[in-house]
Amino acid sequence: MTVDEMTTRVEECLAADLEGVIIETNFSSEITTPATWLKVLSNLKPIVEAAKG
């Protein structure tokens with residue numbers, strides 16, 4: 001899924017009054033350094049913002 005698609009799903013969860021969502025990145029083979037991890041977090045920011053409502 002793209003970040004835009006995940007953001008839409010999070011918005012749907014929020015609208016359905018779900019308590020929370022989990023964004024699992026432990027199985028991402030692209031994360032090999034701390035800098036890459038920070039970039040992933042930055043890229044996921046729209047999803048976190050959507051979860052805030």
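I take contact to mean heavy atoms within 4.5 Å. On that basis I looked up Ala50, which touches Thr7, Val10, Glu11 and Leu14, residues up to four places away in sequence not being counted.

I note that this is a predicted model, in which local features need pLDDT of at least 70, side-chain atom pairs count only at pLDDT 80 or more, and totals for chains, interfaces and linings use all residues. Residues are numbered from 1 along each chain as its sequence is written, and side-chain values use heavy atoms, with hydrogens and water left out.

**Core.** I next looked up the largest nonpolar core, and found five residues: Val10, Val40, Leu44, Ile47 and Ala50. Such a core is a set of buried Ala, Val, Leu, Ile, Met, Phe, Trp, Tyr and Cys residues joined through side-chain atoms within 4.5 Å. Buried means under 20% relative accessible area, exposed over 50%, and partly exposed in between (1.4 Å probe, protein chains only).

**Loop between α1 and α2.** I located Ile23 in the loop between α1 (3-15) and α2 (34-43); helices are DSSP runs of H or I, at least four residues, numbered from the N terminus. Ile23 is partly exposed, at 35% relative accessible area. Asp17 is also found in the loop between α1 and α2. I recorded for Asp17 a positive phi of about 65 degrees, although Asp17 is not a glycine. Asp17 counts as exposed because its relative accessibility is 66%.

**Helix α2.** I found Asn43 in helix α2. Asn43 counts as partly exposed, since its relative accessibility is 41%. From C-alpha to C-alpha, Asn43 and Thr32 are 16 Å apart in space, and they are 11 residues apart in sequence.

Terms used: Helices (H or I, at least four residues) and strands (E, at least two) are DSSP runs, numbered from the N terminus.
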